[in-house]
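Have the structure open as you read.

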Amino acid sequence: MQEILAYLVLFGWPFVSLFAYLKFDTVTATFVTIVGGYLLLPVGLEVDLPLIPSLDKTNIPNLSALLSIVLVKRQKFYFLTNIKWVKFVIVCIVLIPIINVYFNLQPIYNGEFWLPSLTLHDGISNSLLVYLRLLPLIISVNIIKSEYELTKLLKLLVWSLILYCPLIFLELRLSPQLHNWVYGYFPHSFAQQVREGGFRAVVFLGHGLLTANIYLGGFIALAILYKSKRYFQSAKVNLNLLVFFFLMIILLKSMTAIMLACSAIVLITISKKSYSVIPMRFVALFIMAYPVMSYFNMIPYEVIHNWLAEYNAERAQSLYFRFSNEDVLMDYLGERFLIGNGGSRMMLYGAIVDGTWIIWTLSFGVIYTTLNFLLFAGSLFIARTNKNHRELNIYCVFVTVMMIDQIPNSSLGHSWLWLYGGAILAYSAMEAHRKQL
């Protein structure tokens with residue numbers, strides 16, 4: 001019965017999307033479709049059809065939003081956006097999986113099995129999958145026309161996470177059980193959700209770290225609204241919610257999210273300074289360079305491990321395990337560093353991957369990874385260090401902090417972040433163009 005319910009909810013989502021687009025404005029309906037789907041749909045359930053990518057909780061909402069904007073709202077839609085450099089980057093990203101086939105025409109040994117060579121079918125299917133992953137960003141660039149719409153998107157995120165809180169508190173008290181109760185299975189390792197004598201809340205997101213990540217997004221949204229004086233309800237309510245969301249991040253037991261929330265406050269504080277975009281841009285460039293630095297052993301892993309071991313031996317051991325895996329996986333990648341092993345052959349048997357950068361690099365190479373990061377962080381390079389761009393720089397804090405999270409985690413594989421990255425990119429492009437006139 002629960003399995004049937006899971007399929008009904010998943011394939012009934014286009015009807016939810018249709019209702020949202022008939023009832024609400026485009027920005028609100030898009031939020032309901034993409035972010036609502038991320039928050040509520042079952043994890044790991046998919047239907048694999050010939051040639052086209054699997055239909056799951058990411059692809060179904062993305063396609064539903066696209067079709068509704070075109071057919072219901074009848075808006076003009078640019079399938080590669082209307083920003084020239086963004087078009088070029090998207091085309092390159094989408095073509096790389098097809099080019100990747102040419103460099104992977106031989107079987108590869110993954111430590112346990114020989115994996116077959118890639119075919120043109122693999123290349124086309126992976127290209128379609130990549131385009132669908134980028135679709136929330138493309139949709140955002142099409143629908144965000146003003147700062148009002150961008151702030152509306154930020155406020156909708158806060159509202160949704162407030163409504164999500166009872167489910168969070170339930171799982172913090174009883175353990176992460178909601179996905180199992182509703183859909184009949186648990187989508188990840190239960191042991192990974194046990195932390196510090198309690199539990200991480202998972203709800204319908206798949207992992208406790210992803211729950212902490214989206215609440216981090218809500219925290220940054222509130223900080224941006226407060227700093228820009230576009231308050232959520234009122235200044236007092238906004239400030240109180242900011243404190244509440246920080247406490248929620250602590251309760252969700254992710255040290256990375258706590259550290260990133262503190263970093264966000266520092267960046268928000270200086271965001272109206274004319275120089276504020278410089279450190280944010282530096283962070284983005286460092287994240288883009290990280291795969292190359294890791295491949296060529298330019299990161300002092302031993303020094304970082306020894307320093308952390310003096311303060312927290314358990315965290316240091318976890319970090320050492322991660323660093324060791326990265327080293328082994330880079331060796332597995334070998335001469336295919338630029339182009340990757342192909343999506344279906346990227347994993348070394350027995351190894352564990354976490355960061356977005358290493359998943360992308362193993363799959364389609366460092367060029368692909370760099371272009372994806374450039375696309376997500378594009379607003380940082382549009383912003384300038386003069387006083388006319390200070391308002392714009394506030395929104396860039398969101399992108400900067402989420403970029404940092406891609407080294408230890410893989411949250412950028414999820415649609416809600418691309419939706420918000422695209423919204424900030426759209427606003428940045430509009431502001432940059434307007435202030436050049």
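Predicted model: local features only at pLDDT ≥ 70, side-chain atom pairs only at ≥ 80, totals over all residues.

1. E147 counts as buried because its relative accessibility is 15%, and the cut-off for buried is under 20%. Its side chain meets that of R230 in a salt bridge, 3.1 Å from N to O. That pair links distant parts of the chain: R230 sits in the loop between α8 (208-227) and α9, E147 in helix α6, and they are 83 residues apart. R230 itself is partly exposed, at a relative accessible area of 29%.

2. The count comes to 2 salt bridges. D25 and K152 form one, with their closest N and O atoms 3.1 Å apart. D25 lies in the loop between α1 (2-23) and α2 (26-40) while K152 is in helix α6, so this pair ties together parts 127 residues apart in sequence. D25 is partly exposed, with a relative accessible area of 32%.

3. Now have a look at E149, also in helix α6 (residues 147-174). What does a buried E149 have around it, given no salt bridge? The nearest side chain of opposite charge is K152, 6.7 Å away. A polar atom of the E149 side chain does lie 2.5 Å from the backbone nitrogen of K145. Beyond its neighbours within four places in sequence, E149 is in contact with V27, I143 and I144.

4. Last, the helix pair. The axes of α6 and α9 (residues 235-251) come within 12 Å and cross at roughly 35°, and the crossing is left-handed. Residues making the contact include V158, L161 and F169 of α6 and L241, F244 and M248 of α9.

Notes:
Residues numbered from 1 in each chain as written. Heavy atoms only, no water. Helix = DSSP H or I, 4+ residues; strand = E, 2+ residues; numbered from the N terminus. Buried < 20%, exposed > 50% of the residue type's maximum accessible area, 1.4 Å probe, protein only. Lys, Arg positive; Asp, Glu negative; His and termini not counted. Salt bridge = Lys/Arg side-chain N within 4 Å of Asp/Glu carboxyl O. Polar contact = N/O pair within 3.5 Å; in protein donor to acceptor, adjacent residues only side chain to side chain. Contact = heavy atoms within 4.5 Å. Axes fitted to C-alpha atoms, helices over the stretch in contact; angles between N-to-C directions. Left-handed = near helix turned anticlockwise from the far one by under 90°.
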